[in-house]
Amino acid sequence: MAVKKIFKPGQTASGILDAKGGDKLKQMQANSNYNFRFIPKEKITPNEKNKNYSQNNIEALCESILINGLRHNLSVIHDTANDMYRIVSGERRFRAINQMDEKTYRELFPAGIPCKVEKSSITEIDEEIMLISANHDIRETTTEEKRWEIRRLKELYEAKKLNGEITNISKEIARQLNISQRQAIKYVNAEKLIPELSDLLNQNGISLEDASKFSRLDEWAQLKIVELLNSKGSIDSEELESIKKISLEKEEETKRNREELERTLHMLAERDKSIEALERRIQSLQNSSSEKPQSDLKEELQYISDAKNKAEREKQRLENQLEKIKQQQKERESRNTSISDSELKRISQIARTEQALELFETNFTTLKSNKALIKSDHDLKTRLEILKNRMDDLITEISS
């Protein structure tokens, strides 16, 4: 296959520069742009952190470089310890160049591979931030890759925030990836999705906007959304609002159960203390050498023993109650693992009811504010009758 010649700095029509000319050209380039150099491939090393990005289609990229030339310089950092250059951006381009035979490489890059040399004094955190930003600018990233970029940037900027270097994490993420801060926040919110919804977002099965909304809901609500999406292929705003309301009801129920559980545990602890105190008192009376009449000691001992027995019965009742609460909680969690047909019907019915009520209120408000436009009492009565029939239908549907 004929290779189209692309002439670049460091290359002549013959593809060869003498050593003196090549060195002079490289020096001129370095003087005009202090952070740009032509670096032999042998002096360049891959970056371990680039493994998070896809390295596929290297052959096609190699073919493109042979035909069209290298459209973007590599970005590297000089490692002074071993006088090597570590890649920040351009891993795939570097791999593609390494696939060329030596003769072709020398023809296309006689002075070395053009690289932008970044400051070597930057921290590891800043180097990784630079790597992510550079890869994002060059590559067409998938939704999953973009989410990984934002997740990792958030971790890195959290470290910088702890050091007092920045104040607004989402703002810094948005700046590095050239997206709006609002969009960056949505991506961060999406990390709260359950795995099923997270996979749907990665596969573009749901939008980022919806993913951000769903992420604010608890696990139960998100599971219901997954099941609705699986059964219907979509979820409308009314159904989403209904799921939110049902979720709040369940949250309140869970809160009440948790409070009851805590009260029961507290009462059990108090009963244990009482029983221990009574047992100590009984032991003390039994070992007592008091001058009290034997009948008085016996009466007091009987009284304390009765109190202890009562406390033990109360403890047993509380333990049974505690077991019942735990069992109810377990059964509720079991029911919450999947959405039943009746619950699906309930969600849809609530959505339709809310929609019907909203329409009814709108019609009633319109009728009330435009009474002057109604031509006769008969016309008014007819319109009110229509609204009444709609309300009756709604009540019948709810009751069925």
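**View 1. Strands β2 and β4 side by side.** Two bridges link β2 to strand β4 (residues 84-89), and the two strands run parallel. Here I44 stands opposite Y85 in β4. Helices (H or I, at least four residues) and strands (E, at least two) are DSSP runs, numbered from the N terminus, and two strands pair if DSSP finds at least two bridges between them. This is a predicted model: local features need pLDDT of at least 70, side-chain atom pairs count only at pLDDT 80 or more, and totals for chains, interfaces and linings use all residues. Residues are numbered from 1 along each chain as its sequence is written, and side-chain values use heavy atoms, leaving out hydrogens and water.

**View 2. The whole sheet.** Follow the order β1-β5-β3-β4-β2 to trace the five strands of this open sheet, whose pairing is mixed. Axes are lines fitted to C-alpha atoms, for helices over the stretch in contact, and angles run from 0 to 180 degrees between N-to-C directions.

**View 3. Helix α5 meets helix α6.** These helices, α5 and α6 (residues 143-162), pack at an angle of about 155°, with their axes 10 Å apart. That makes α5 roughly antiparallel to α6, a term for angles over 145 degrees. Among the residues of α5 in this contact are I125, I129 and I132, while those of α6 include W148, L153 and Y157.

**View 4. Two loop residues with positive phi.** D83 sits in the loop between β3 and β4. Its phi is near 55°, a positive value in a residue other than glycine. D83 is partly exposed, with a relative accessible area of 37%. N204, in the loop between α9 (195-202) and α10 (208-214), has a positive phi of about 60° although it is not a glycine. At 60% relative accessibility, N204 counts as exposed. Buried means under 20% relative accessible area, exposed over 50%, and partly exposed in between (1.4 Å probe, protein chains only).

Technical notes. Parallel < 35°, antiparallel > 145°, perpendicular 65-115°, else oblique. Contact = heavy atoms within 4.5 Å.
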